[in-house]
Amino acid sequence: MWTTKTFLTKTKRGNVLKIVREHYLRDDLLCGSEACNVCPQKDDDIVLEAKPASICGLFDYSHYLVLDTNVVLHQIDVLEEDALKNVIILQTVLEEVKHQNTAMYQRLLEIIGNKKRKFYSFVNEHHKDTYVERKPGEKQNDRNDRAIRKAAEWYASHLSINNVAGQFPQIVLLTDDENNRKIAQEEGIVCCSVKDYIENVNGFVGLADKLSKNVMPESYSKDALYPAHLTPSQIHTGIRNGKLHQGTFHASRDNFMEGTASVSGYEKPVLLQGHIGINRAIDGDIVAIEILPKEEWSKPSDIVLEDKADDPGDFLEDPTLLKSNVVDTADDDITPTGKVVGIIKRKWRQYCGVLLPSQFPGATRHLFTPAEKRIPRVRIETRQSNLLVSQRILVALDSWPRNSRYPLGHFVRSLGLIGDKNAENEVILLEHDVPHARFSEAVLACLPPDDWTIPEEEIKKRVDLRSICVCSVDPPGCTDIDDALHARELPAQTRDGLKKYDVGVHIADVTHFVRPNTALDKEAASRSTTVYLVDKRIDMVPDLLSSNLCSLRGGEERLAFSCVWEIDENANVLSTKFHKSVIKSRAAMTYEQAQITIDEKSRNDDIASSLRILNALAKKMKQKRLDNGALLLASPEIRFQVDSETHDPIEVQAKKIMDTNSMVEEFMLLANVSVAQHLAAEFPQCALLRRHPPPPPANFHTFLKAARQQGFEIDVSTNKSFSKSLDAAVIPGRPFFNTLLRIMATRCMQQAVYFSSGTKTQDEFYHYGLACPIYTHFTSPIRRYADVIVHRLLAACVGADVTHATLLDTKAADALCENLNYRHRQAQYAGRASVALNTHILFKNREEIEQAVVLAVKRNALQVLIPKYGLEGPLYLPSDKFVYNEEENVQICGGTVLKTFDELTVRLTLDSTNMQHRKLVYQLVTPYIPGVSYVKENEDSNEPAMDVEVVDISETTNKRKDTDSKSTKKKKSKK
Amino acid sequence: MATLRVMDSFLMPGPDLLSSQGLRLDGRRPNELRRIRCKLGVFTQPDGSAYLEQGNTKVLAAVYGPHQASKSKSSTEAVVVNCQYSMATFSTGERKNRPRGDRKSLEMSLHLRQALTAAIKTELYPRSQIDIYIEVLQADGGAYCASVNAATLALVDAGVPLRAYVCACTASMAWHGGSPAPLLDVGHVEEAAGGVVLTVASLPSTGSIALLEMSHRLHSDYFENVLSRALQGCRDIEVILDKAVRDHLAEGWTKQDVVTV
């Protein structure tokens, strides 16, 4: 079937180069229509129906739609609805869309891939009858429009061949370009604008709501609020001659009128303030920035500001309230300040949120408040506002014209009722871009049968460890057990006469089931990690694997990948072996059970003795690690007790840490390090490793300042000295102080990241937090994809498996790492969001008075942490009572000075007045400040369950001011 | 160091060498050759000559000999095949300064010699020499292949006894919907996309391979796949060359006689 037809050349002029490309035109391309009598197509080639029913009132005959590029680019949400069928997507359109917007292109491909939608992609550019050559002087756009018209015309005449008039579908061209429509009409092509077509569609309610309101954003308008953006060519020359800079815009979480952009050439991110300074940039957009002259530079405002207005109409707030009153140019807080002058690329996605209905009944224009605080409100048009008010909805952005205070968008779909658990979880997952759809049929087809058992020949290939006493230790309720351990004393001794132990870590052999390049593998790679929400787990691999076949359950034979060491009494590793194995876990224990087994002197069975060996070794290993400079960091972690019926949280408690926790952790660390060393030696170019870069000294600035106020000098020059000085920073009588210091230290750290060994030099491999030169993840392949890759690499090293091409490709590995890091981060954020959601539910109908600690002092608020719940939030201070001292970073009111690390008591309640951002309100209780602190109205009610601190408060409320001064004095004397 | 690293890793071409409909950038399917046009006996001066176009790659070949070899090169066993590969200064997008004698041209000359020696019945002409001159007029990917194919035609035109036609073809790797789809006869655009390029010169009628060269590392899983595609290309080219020779002979005898008489 080798055909070359008419041969044409396509010329493309660059700067000086003349490029001549071949362009083959074919006669074997099919039209994809069932009504066609000419094309030699088989049944599976046919996409378009012979007689599609018309859904549009304007056209009462059956027809196919041909779309213009702009229709696809702007109205993809309409296309994604099931309403439109029998659509022809021309290659011209496909290529233009791909060129302009890859995300849009992917969505379009997905629609085309869906057989039910009957979208046919026709290769008009290579069809001998539809190819159009660019005329001299003709613009590319005009040529493409002509190509689209030509294809539409061809389809119409092609379908009419050998067909009775009126019996075959007509062609309707959808385009929003008026010019194009005019020419098409002259050429006899039926055409229509999208708006007219969609508004006349019968039987699909709400379709018109999804129409994008695309306004040319830069077009001249009389009452423009914002300065116009520069054109792409102006931006291009501006960047080239150094007047403009390119950067990604990050909106501030705390202040809607402020944002930053990191720009190369400036150490600090460039500050952008006020509506004009931000000029319609939305978080994530790539923008062009003009740096203001030095005397106009200012500092990040330390004010917390929320967009509260109820649709004030189209005017902008005065940005002056951002500016701090004293601008001292010598101050080192002064940051380069600039303004956005153009948008290089919009990074808009779909946003979850709620509708803020208009006050006027029957209005169609409403405001939408996104759940993400960094995204401004959006104006949308809908007729279903009554229905949508109580729901979580998804909205897409369309444009932001100069004369509109808010960007314009349109409704995409509803996620469910506000407050409904599933809808709220869905919001969390969508906002964090967590892939959470059910596993597809193709993925499930890769799974072994439910009753799969280990075949004999598989056992023969592996080391049989079924006779060894292996056990697993995990948190309670864990169903995806991916690690198990064993330890036994060896009869031989080392030369120095020390005891020798045989210790093994056995990891679930997920790669036996997840084979490379299968649908299952691809899905797992795309998910990258299992995401844990408080009441829900979004698995990386289907349940059959994650909680059955790969889970190392007690008493069942399982495939494992083992890492076995010989370790001497002093916890020195003498030798390391890796092999695939078969194990039979003797017991799957919780941390608590394991601890009891160790402590119970009377137990002397195999499990108890091996646990005791492990525990003893782990303690020595931990000590060694700490001596090396590993950091012990803390983050406020809590566990919810969940109601078994409603899945609502009932109570929270801090996670308990036992010896056995750290025992398991130590051996997992050892396994990971051993594997990392082995891989890096075997695969210098493509080993998947994990590194933790040391934090830049600037990160520690505020942390050190706060510690100094408490009288501690923390040495952050190396991780070793840092660890040491953290250990020394203890205030007797305030046990939580050290933990708090560690929590704050954690915030100064950078994220640990996955990388491919071919992309970094050897000394960049260092893991700062663990203080080890090389590290990777090997021990949780059920819930992390990185471990799956590491397993494959290691299997290839030890000859248990073969390599495959993508595994050894540095570039592919790099791309994979990027995705892993992204998903990993998003999963963490999603987890935190879920905790926040559940705390809100917990506080729905209660109020609590709790101890709190000040984490940071802002100009109008204190950032406080409630250790019991791990909650963090702003405690607003009225500016008429409090004076903010910038130098010392303290808030002063009369005799009371509030600064970082101060302990307070606060009252917690849930503010549900705004359904969108339900938030916890923190109110000051002690130290008592009249007019600010919360005073309980009913003083008699005493709560028996309250601890000592709270009793103390009720005293203060009784005695008012005099005790207050005493209590502050008390605190000072503690230092 | 940086270049070393690139050489050391497996290179994957961009994913968009094949469109979702399975067509290549220029509209071919993966298993299709570019258009080949060729003509024998384009010059009267040399003993044999040919012009060959493979897509936009255009090559001239001229053969002199067999004639007496110069003393230094002469061999008592077989004929000495002397090749010279040169690229016209206007053959590439940017003007070349040195048409021949640079490293690349020398390497090409060597490779040509290897492939052509394999096809010529060298044992028939001891103490003689055959000179083959190749001039690339336009290079648009696969210049080596076009050179080999043109040289074969020129040798046939010169009446040098050959074991078989020697044909050369390239193949590369691309993915279509997740499965590997080797591309035949790689053009310049596809070459520049950074994928592996496998060049094969073979004698399709005997099934032997005269030369095999690969630009980057390729995982062994795919090698068979790519090689068989390239060999298929060689067979397709042989058919085209054979037809050209037959056409030339059918129409050409009379004309050529007139010229020589």
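Trainee: Which residue is the bridge partner of B:Ala62 in strand 5 of chain B?
Mentor: Keep in mind that this is a predicted model. Strand 3 (residues 57-68) and strand 5 (residues 128-138) of chain B pair in the antiparallel sense, over nine bridges. Within that pairing, the partner of B:Ala62 in strand 5 of chain B is B:Tyr133.

Trainee: With which strand of chain B does the direction of helix 2 make about 140°?
Mentor: Helix 2 of chain B covers residues 103-119 and packs on the sheet. It touches strand 4 and strand 5 of chain B. The angle of about 140° is made with strand 4 of chain B.

Trainee: And what angle does helix 3 of chain B make with strand 2 of chain B?
Mentor: Helix 3 of chain B, residues 143-158, also packs on the sheet. It touches strand 1, strand 2 (48-54), strand 3, strand 4 and strand 5 of chain B. Its direction and that of strand 2 of chain B make an angle of about 150°.

Trainee: Which are the edge strands of this sheet in chain B?
Mentor: The sheet is open, with five strands in the order 1-2-3-5-4 and mixed pairing. An edge strand pairs on one side only. In chain B that applies to strand 1 (36-40) and strand 4 (80-87).

Trainee: Now chain A. How many helices and strands does chain A have?
Mentor: Chain A has 975 residues, and 51% of them count as buried. Among its contacts with a separation of 6 or more, 68% join residues 24 or more positions apart. The tally for chain A is 25 helices and 37 strands.

Trainee: What is the order of the open sheet of five strands in chain A with parallel pairing?
Mentor: Strands of a sheet pair through backbone hydrogen bonds. In this sheet of chain A the pairing is parallel, and the order is 5-4-3-6-7.

Trainee: How far are neighbouring strands of this sheet turned against each other on average?
Mentor: The edges of this sheet are strand 5 (119-122) and strand 7 (190-192) of chain A. Ignoring direction, neighbouring strands are turned on average by 30°.

Trainee: Which residue is the bridge partner of A:Leu90 in strand 5 of chain A?
Mentor: Strand 4 (residues 87-90) of chain A runs parallel to strand 5 of chain A, joined by four bridges. A:Leu90 has its partner in strand 5 of chain A, and that partner is A:Phe122.

Trainee: At roughly what angle do the axes of helix 3 and helix 5 of chain A cross?
Mentor: Helix 3 (residues 91-100) of chain A lies across strand 3 (63-67), strand 4 and strand 5 of chain A. Its axis comes within 9 Å of that of helix 5 (residues 140-160) of chain A. The two axes cross at roughly 145°.

Trainee: Which residues of helix 3 of chain A make the contact with helix 5 of chain A?
Mentor: Helix 5 of chain A contributes A:Asn141, A:Arg143, A:Asn144, A:Ala147 and A:Ile148. The residues of this contact divide into three nonpolar, three polar and two charged. From helix 3 of chain A come A:Thr92, A:Val93 and A:Glu96.

Trainee: Which residues in the largest nonpolar core touch the most other members?
Mentor: In soluble globular proteins, nonpolar side chains tend to be buried together. A:Leu611 is among the buried residues of helix 17 of chain A. The largest core holds 91 residues, and the ones that touch the most other members are A:Leu611 and A:Phe667.

Trainee: How many residues does helix 17 of chain A have?
Mentor: Helix 17 of chain A runs over residues 606-627. It reaches 32 Å from its first C-alpha to its last, close to the 32 Å expected at 1.5 Å a residue. Its length in residues is 22.

Trainee: Is A:Thr909 buried or exposed?
Mentor: A:Thr909 sits in strand 36 (residues 903-911) of chain A. Beyond its neighbours within four places in sequence, its contacts include A:Arg846, A:Glu847 and A:Lys919. Buried means under 20% relative accessible area. A:Thr909 has 14%, so it is buried.

Trainee: What distance separates the C-alpha atoms of A:Asn163 and A:Asn37?
Mentor: A:Asn163 lies in the loop between helix 5 and strand 6 (170-174) of chain A. At 23% relative accessibility, it counts as partly exposed. Leaving aside neighbours within four places, it is in contact with A:Ala35, A:Asn37 and A:Phe168. A:Asn163 and A:Asn37 are 126 residues apart along the chain, yet their C-alpha atoms are separated by 7.6 Å.

How values were computed
Residues are numbered from 1 along each chain as its sequence is written. Chains are lettered from A and ligands numbered from 1 in the order in which they are written. This is a predicted model: local features need pLDDT of at least 70, side-chain atom pairs count only at pLDDT 80 or more; totals for chains, interfaces and linings use all residues. Side-chain values use heavy atoms; hydrogens and water are left out. Two strands pair if DSSP finds at least two bridges between them. Helices (H or I, at least four residues) and strands (E, at least two) are DSSP runs, numbered from the N terminus. Contact means heavy atoms within 4.5 Å. Axes are lines fitted to C-alpha atoms, for helices over the stretch in contact, and angles run from 0 to 180 degrees between N-to-C directions. The expected span of a helix is 1.5 Å times one less than its number of residues. Buried means under 20% relative accessible area, exposed over 50%, partly exposed in between (1.4 Å probe, protein chains only). A nonpolar core is a set of buried Ala, Val, Leu, Ile, Met, Phe, Trp, Tyr and Cys residues joined through side-chain atoms within 4.5 Å. Ala, Val, Leu, Ile, Met, Phe, Trp, Tyr, Cys and Pro count as nonpolar, Asp, Glu, Lys and Arg as charged, and the others, Gly among them, as polar.
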